[in-house]
Amino acid sequence: MSKKIGFLSFGHWSDAPGSQVRTGADTLLQSIDLAVAAEELGADGAYFRVHHFARQLASPFPLLAAVGAKTDRIEIGTGVIDMRYENPLYMAEDAGSADLISEGRLQLGISRGSPEQVIEGYKYFGYVPPEGMTDADMARQHTDVFLKVIEGNGFAQPNPQPMFPNPPGALPIEPQSPGLRDRIWWGAGSRATAEWTAQQGMNLMSSTLLTEDTGIPFHKLQAEQIDRFRDAWTAAGWTREPRVSVSRSIFAITNDMDRAYFGRSGDEDDQVGYIDGGIARFGKSYAAEPDKLVEQLREDEAIAAADTLLLTVPNQLGVDYNAHVIESILKYVAPELGWR
């Protein structure tokens with residue numbers, strides 16, 4: 001199955017020995033450079049994780065707009081924006097602007113988010129769940145508002161004496177970017193959430209962890225999640241074809257530097273642990289010579305079921321090395337698996 005292949009960067013920076021990304025400026029500028037390099041290599045997507053109160057990428061829209069202005073073809077996106085922290089109207093303006101700058105290439109991954117660096121960090125941003133509502137409920141409420149306003153319908157009562165003339169009727173958020181509503185993804189951590197995602201008409205984004213465990217290998221559980229999403233999509237009556245992405249840490253060992261970094265990482269198994277007080281299953285990383293890697297990945301049922309694969313990259317190793325990581329997959333692995 002042919003696939004879109006992109007990268008997903010968490011945008012870490014630190015002054016640790018060996019880090020080539022030592023400041024916030026470094027991670028932003030290098031993220032742009034990596035997106036440009038990935039497009040030149042033939043990759044299909046540049047995606048960025050969003051974490052608050054951490055030395056990682058946070059506010060995504062300036063970066064997405066800059067990548068959109070510097071590239072011509074590659075999709076630009078997030079994986080994911082934590083909707084607990086977002087003003088959905090302001091976010092709609094930012095998203096519309098970034099999408100217009102990139103000429104319709106924005107693929108926006110959103111979700112309830114993962115555990116953060118501080119306790120109830122969204123409260124510092126001014127968002128407190130109303131009584132009887134959880135923070136996850138609040139994230140979905142913000143999402144509902146966001147999805148409605150990017151559809152372009154007017155809802156705000158115009159001033160009868162405006163500074164500039166208004167069109168007739170209620171006013172929408174501006175700018176609007178046609179088609180953006182079909183390019184919103186939800187980061188689902190469970191099978192039930194994947195079904196809810198389909199019911200909302202959002203694409204499915206599934207990462208390297210699921211917040212449940214049934215005792216079967218991660219890739220099989222994730223493949224079941226994808227199947228349930230597609231069944232729920234059909235049942236909801238949507239007419240367009242949905243998209244599904246999965247993310248993986250995959251490293252083709254082709255030289256001594258690869259071997260030094262990842263030569264002992266290829267025999268990992270799934271891990272089961274706890275996140276947010278509940279059990280979770282974490283998928284394994286892949287690292288091997290290309291021929292062995294091809295055979296390992298051929299058995300991954302979730303990758304086979306997805307139309308988009310996001311390669312998590314070790315961004316602190318610098319632009320050149322990460323471009324090499326992406327190129328090795330595109331050159332030695334993807335063609336052998338029919339992804340290209």
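**Close-up views of a predicted model**

View 1. Strands (E, at least two residues) and helices (H or I, at least four) are DSSP runs, numbered from the N terminus.

A quick word on what you're looking at: this is a predicted model, where local features need pLDDT of at least 70, side-chain atom pairs count only at pLDDT 80 or more, and totals for chains, interfaces and linings use all residues. Residues are numbered from 1 along each chain as its sequence is written, and side-chain values use heavy atoms, with hydrogens and water left out.

**View 2. The partners of E13.** Strand E1 (residues 4-9) runs parallel to E13, and five bridges join them (two strands pair if DSSP finds at least two bridges between them). Look for Ile-5, whose bridge partner in E13 is Leu-309. Strand E8 (residues 244-248) also runs parallel to E13, joined to it by four bridges. Here Ser-247 stands opposite Leu-310 of E13.

**View 3. Helix H8 meets helix H10.** The axes of H8 (residues 290-298) and H10 (residues 319-333) come within 10 Å and cross at roughly 80°. Axes are lines fitted to C-alpha atoms, for helices over the stretch in contact, and angles run from 0 to 180 degrees between N-to-C directions. H8 and H10 are therefore roughly perpendicular to each other (65 to 115 degrees; under 35 is roughly parallel, over 145 roughly antiparallel, the rest oblique). H8 brings Pro-290, Leu-293, Val-294 and Leu-297 to the contact, and H10 brings Ile-329, Tyr-332 and Val-333 (contact means heavy atoms within 4.5 Å).

**View 4. What covers helix H2.** In H2 (residues 61-70), the buried residues are Phe-61, Leu-63, Leu-64, Ala-65, Val-67 and Gly-68. Their cover includes helix H1 (24-41), strand E2 (45-48), strand E3 (75-82), helix H3 (88-101) and strand E4 (106-111).

**View 5. Ser-102 in its loop.** You'll find Ser-102 in the loop between H3 and E4. Ser-102 is buried, with a relative accessible area of 0%. Leaving aside residues up to four places away in sequence, Ser-102 touches Gly-68 and Ile-76. A polar atom of the Ser-102 side chain lies 3.1 Å from the backbone oxygen of Asp-99.

Notes: Buried means under 20% relative accessible area, exposed over 50%, partly exposed in between (1.4 Å probe, protein chains only). A polar contact is a pair of N or O atoms within 3.5 Å; within protein, one must be able to donate a hydrogen and the other to accept it, and residues adjacent in sequence count only if both atoms are side-chain atoms.
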